[in-house]
Amino acid sequence: MARAIGLAAVGASLLVLAGCSSLPEITAPAAAPPSSAGAARPSPYPVEKLVGAWGMSSYRQDKDRKRTEAMARVQCKLPYVIKKGPTDGVMMHVADDAKLYELTLKGSASGKTYLGFNSPPGDPADREILSFSDNLIVMKFVDPDADNRYGKVIYVRCGANG
């Protein structure tokens with residue numbers, strides 16, 4: 001029993017001494033490097049311009065873009081409908097998920113525009129806006145795997161001439 005008390009006293013002494021010894025100064029970790037897209041900025045496009053009925057199609061090679069636009073117009077028979085979200089976004093699907101999510105447009109310091117969750121611009125879950133007009137939008141997924149599987153996605157506004 002005396003031995004157990006002695007060991008406990010030694011252990012307690014070590015704890016006290018450890019608390020009294022000087023510790024190296026702890027500094028805050030360095031800030032994470034900025035994403036390749038840079039800091040978030042307002043999108044140059046209004047979210048409301050995404051709302052509506054769209055024909056969708058995709059392509060991988062730029063030479064196929066015009067043909068793909070025509071294919072997207074045909075898809076207006078069964079359009080992809082984008083509705084306004086409950087806050088400042090739109091309700092859309094993300095890669096490989098049948099559930100609708102609220103996504104928003106976000107600009108980057110590099111001048112690129114992305115559509116995605118409330119995260120820094122250029123997040124792997126984002127889509128980069130390659131072209132944006134009232135009646136035609138072209139996007140590609142930032143994630144290389146999703147981009148490889150889906151290609152560049154064209155949205156043609158249904159009922160639009162052109």
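**Close-up views of the predicted model**

**View 1. Residue Y114 stands opposite E128 of strand β7.** The model is predicted, so local features need pLDDT of at least 70 and side-chain atom pairs count only at pLDDT 80 or more, while totals for chains, interfaces and linings use all residues. Residues are numbered from 1 along each chain as its sequence is written, and side-chain values use heavy atoms, with hydrogens and water left out. Strands β6 (residues 113-116) and β7 (residues 127-132) are paired in the antiparallel sense through 3 bridges. Strands (E, at least two residues) and helices (H or I, at least four) are DSSP runs numbered from the N terminus; two strands pair if DSSP finds at least two bridges between them.

**View 2. Strands β7 and β8 form a hairpin.** Between the two strands lie 3 residues. Strand β8 covers residues 136-141 and runs antiparallel to β7, with 5 bridges joining them. Here E128 has K140 of β8 opposite, and E128 of β7 also stands opposite Y114.

**View 3. A salt bridge links D126 and K106.** The N to O distance between the two side chains is 3.0 Å. D126 belongs to the loop between β6 and β7, whereas K106 belongs to strand β5 (residues 97-108), so the pair ties together parts that are 20 residues apart in sequence. Both partners are buried: D126 has a relative accessibility of 0%, and K106 has a relative accessible area of 6%. Buried means under 20% relative accessible area, exposed over 50%, and partly exposed in between (1.4 Å probe, protein chains only). By the rule used here (a side-chain nitrogen of Lys or Arg within 4 Å of a carboxyl oxygen of Asp or Glu), the count of salt bridges comes to 10.

View 4. E69 is buried, at 7% relative accessibility, whereas K66 is exposed, at 64%.

**View 5. Further salt bridges involve D88 with K84, and a network of three residues.** The side chains of D88 and K84 meet at 4.0 Å, N to O. K84 is partly exposed, its relative accessible area being 36%. The network of salt bridges links K63, D64 and R67.

**View 6. The side chains of S108 and S110 make a polar contact.** The distance is 2.8 Å. A polar contact is a pair of N or O atoms within 3.5 Å; within protein, one must be able to donate a hydrogen and the other to accept it, and residues adjacent in sequence count only if both atoms are side-chain atoms. S108 lies in strand β5 and is buried, with 5% relative accessibility.

**View 7. The largest pocket is lined by residues including M56, H93 and Y155.** A pocket is found on a 1 Å grid over the protein atoms alone, as an open set of points where a 1.4 Å probe fits, with protein on both sides within 12 Å along at least five of seven lines; lining residues have an atom within 4 Å of a point. Strands β2 (52-59), β4 (90-94) and β9 (152-157) each supply at least two residues of the lining. Also among the lining residues are S58, Y80, D96, R127, F141 and Y150.
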